Amino acid sequence: MEIVVSGIRPTGNLHLGNYFGAVKNFLRLQDEYKCFFFIADWHSLTTHPHPGDVTVNVRKILAEYLACGIDPEKAAIYVQSDVKEILELYLFLNMNAYLGELQRVTSFKEKARKQPENVNAGLLTYPTLMAADIIIHKAHKVPVGKDQEQNMEMARKFARRFNTIYGVDFFPEPASYHFTGEAVKVPGLDGSGKMGKSEGNAIYLVDDADTIRKKVMKAVTDSGPTEPNSVKPEAIENLFTMLKIVSSPDTYDYFNEKYNHCEIRYGDLKKQLAEDIIRFTAPIRERILEISADVDYMDKVAARGAEKARESASNTIREVRKIIGFK
């Protein structure tokens, strides 16, 4: 069975864009492949989070993914720092990683430019830790966005280099798994682009009803169409896209017809959109709050996932030590 590995950064809350993008595809993957989903708490240390934030953020993201439907009986979901074998493989990979190639990684150069006071070794060797996360399970596929393609190429390079140096065919070269035609791009509320944390244009799955209403009512609009069947500006098209995602076809058709006849009332559209988003997110929010309150359950899930991950990782490390020459 092919193995899928995916890392989840423990930062921020999940929003609608995350749900209709990565999360829905994770749910499909766990039914088709042997999956390892991990919360990348070691990676987060490059930004020097407060010690108290690490555990809180890990539990928060774990609760949200469980609430969305990640099934610990189908997939191993674990915390990266619970699998120490990853660090050993990270060390071995770093011994065969070269300064020049790490310095040429685009994400490193961008972060070094944006935060010149914090150009740490963790940033530089991010690709080797990411590679260790992946090949520790001898993964075949990794669901990633286009922005991670260079790091994926580095992971393939490190796997290939290990095989070449030691004359073995041990690590498969992991392939990037892109979701084509299935992930829905959810627009933000600011009238352009996609929904995202850093843009401040997101509706989070944990947002309460009042928060959602306030956010939606502030969404960017215009003065309305002046000619029948006119092309919708991007900001208006974004609202209709969200309407298509969370509302019924009849609701979408009603407001689309109103727009085409120059009879649209954006206030009415926003009120309907807000209520439909609330209706969609309410069961997930309730589940998030329920799971978040059950710390024992979350700890058991993480422990079970770590046990599965360690079994896989220890088998790999045992073989790697033999290949390198350690007894």
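**Entry 1: the surroundings of Val-142.** I looked up what Val-142 touches, counting contact as heavy atoms within 4.5 Å. Beyond its neighbours within four places in sequence, I found Val-142 in contact with Val-5, Ile-134, Met-152, Pro-174, Ala-175, Ser-176 and Tyr-177. One of these, Ala-175, is 33 residues away in sequence, yet the two C-alpha atoms are 6.3 Å apart. Val-142 belongs to strand β4, residues 141-143. Helices (H or I, at least four residues) and strands (E, at least two) are DSSP runs, numbered from the N terminus.

I noted that this is a predicted model, where local features need pLDDT of at least 70 and side-chain atom pairs count only at pLDDT 80 or more, while totals for chains, interfaces and linings use all residues. Residues are numbered from 1 along each chain as its sequence is written, and side-chain values use heavy atoms, leaving out hydrogens and water.

**Entry 2: buried or exposed?** I used relative accessible area: buried is under 20%, exposed over 50%, partly exposed in between (1.4 Å probe, protein chains only). Val-142 has 4%, so I list it as buried. Met-152, a contact of Val-142, is among the buried residues of α9, as are Phe-158 and Phe-162.

**Entry 3: helix α9.** Gly-167 follows α9 with a positive phi near 65°.

**Entry 4: two loop residues.** Asn-229 is not a glycine but has a positive phi of about 55°. Asn-229 sits in the loop between α10 and α11 and is exposed at 59%. Cys-262, between α12 and α13, has a positive phi near 60° and is partly exposed at 31%.
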